[in-house]
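I am opening a notebook on this structure. The entries below follow the order in which I looked things up.

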Amino acid sequence: MTGAVTVLGIESSCDDTAAAVVRRDRSGTVRILASVVLGQDGLHDAYGGIVPEIAARAHAEKLDMAVEQALATARLDLADMDAIAVTAGPGLIGGVLSGVMCAKGLAAGSGKPLIGVNHLAGHALTPRMTDSARYPYLVLLASGGHCQFIAVAGPDAFRRLGGTIDDAPGEAFDKVARMLGLGFPGGPAIEDDARAGDPERFRFPRPLLDRDGMDMSFSGLKTAVLRARDKVLAETGDTLTQDDRHDLAACFQQAVAETLAEKSRRACLNFRSSLPERPSGMGRPLFAIAGGVAANGVVRTMLADVSTECGFRFVAPPPQYCTDNAAMIAWAGIELFAAGRRDELNLVARPRWPLDEDPPSGRKPGRPAARA
Ligand code: KG4
Ligand code: ZN
């Protein structure tokens, strides 16, 4: 291990404005010195979803504050940073641009290196920051915009094994929450309601389990919940009791968790078969989860069980590092910095950026992605 590396991370690809300071010291110990997340609660409520223009403006207003708070909490100055890492995509382009512009300004003003980070790489590398995961490992990234199994072999070496063919599970949580009259983001609200619900009352589909492979689909499940809700409404004369809501939430959550669990089993077996013969003493291979949906307790428990059954070590980062944050961007920055990556001040903000594509230092234009 070389000297200590300290990086300021900036994240603004969706609706959280975040800044963080992370240090890897000489011995390899990771310290999250500050992680500030300024949400946009309330700003989008009237619109039933995130309005990109409102999000971008809010990022532009709050980024300086987030950076100042992060540096103050860490008791450090910009001059103490080795680099400035920023989410350069994928995401809502206005928000990504706000972050990239802010980072460029800081880098130009301080003379510090700038590093553009793929938001998905931030999620995928989180298990290394929180649990010292060793390469190679398998990660399920399940968030509001993404769902994929990724074999991670290095800070810039990702192989996608499978993923959703339509909606992301977080998106399904958000839409079902709206159907049930719950707030945004839907995941925590559904999880809360589901605690008091009967997960057996409605039988929702477990999509694509009848098909081989690791691809997933959540759009039909969402429609099944809508139909069940409408049936209850028709039977009861347009009222959804609290019990009905709890049961619908519990059955939906169960269907998502079971689907992720079965697909994870397949992904673990597939990943293990791709590994060279492991000498005894090398320990078990590792399966980790990341992204907002990984904050869900039922999902975490089921995937932990699958990992054990498949002979994997399981890592679920603390929930605040599963949902969007800038510590994961700073950490990815530390790894990329150590690998020699530096970006120029003409770093591009990218709305789409599939993980297994070349990094922007390779400067390949984005090929159209299924869902990145
Ligand atoms: O990773 P993230 O913060 O942002 C994206 O990159 O998308 O994920 C946000 C998503 C939202 O859809 C939210 O409803 C979901 O993660 N989420 C959850 C939970 N907490 C957040 N889903 C299920 N259970 C949770 N506890
Ligand atoms: Zn995310």
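**Entry 1: strands.** How many bridges join strand β1 to β4, and do they run parallel or antiparallel? I found four bridges between β1 (residues 5-11) and β4, and the two strands run parallel. I count two strands as paired if DSSP finds at least two bridges between them. Helices (H or I, at least four residues) and strands (E, at least two) are DSSP runs, numbered from the N terminus.

This is a predicted model, in which local features need pLDDT of at least 70 and side-chain atom pairs count only at pLDDT 80 or more, while totals for chains, interfaces and linings use all residues. Residues are numbered from 1 along each chain as its sequence is written, chains are lettered from A and ligands numbered from 1 in the order in which they are written, and side-chain values use heavy atoms, with hydrogens and water left out.

I then looked at β5 (residues 114-118), which pairs with β4 in the parallel sense over five bridges. There, Ile 84 stands opposite Leu 114 in β5.

I also checked how covered β4 is. Seven of the seven residues of β4 (residues 83-89) are buried, so the strand is largely enclosed by the rest of the structure. Buried means under 20% relative accessible area, exposed over 50%, and partly exposed in between (1.4 Å probe, protein chains only).

**Entry 2: the zinc ion.** Which protein atoms are the donors of the zinc ion (ligand 2)? I listed His 119 (NE2), His 123 (NE2) and Asp 324 (OD), lying 2.1 Å from the ion. Donors are N, O and S atoms within 2.8 Å of the metal (3.2 Å for Na, K and Ca), and since water is not among the atoms, sites may look incomplete.

Along the chain, the donors follow the spacing H-x3-H-x200-D. His 123 in helix α3 (residues 119-131) and Asp 324 in the loop between β10 (313-315) and α9 (327-338) are 201 residues apart, so I noted the pair as a link between distant parts of the chain. His 123 and Asp 324 are both buried.

**Entry 3: salt bridges.** The structure holds 16 salt bridges. The term stands for a side-chain nitrogen of Lys or Arg within 4 Å of a carboxyl oxygen of Asp or Glu.

Arg 341 and Asp 156 meet through their side chains at 3.3 Å, N to O. This pair links distant parts of the chain, with Arg 341 in the segment after α9 and Asp 156 in the loop between β7 (147-154) and β8 (157-163), 185 residues apart. Arg 341 is buried at 9% relative accessible area, whereas Asp 156 is partly exposed at 40%.

Arg 206 and Glu 258 form a salt bridge at 2.9 Å, N to O. Arg 206 lies in the loop between α5 (186-194) and α6 (219-236) and Glu 258 in helix α7 (residues 242-274), so the pair ties together parts that are 52 residues apart in sequence. Arg 206 is buried at 15%, and Glu 258 is partly exposed at 26%.

Arg 266 and Glu 262 have their closest N and O atoms 3.1 Å apart in a salt bridge. They sit four residues apart in helix α7, which means a separation of about one helical turn. Salt bridges that share partners join Glu 262, Arg 265, Arg 266 and Glu 309 into one network. Glu 262 is partly exposed, at 23%.

**Entry 4: two aspartates.** Asp 77 is in the loop between α1 (52-74) and β4, and it is exposed at 52%. Asp 131 is in helix α3 and is partly exposed at 26%.
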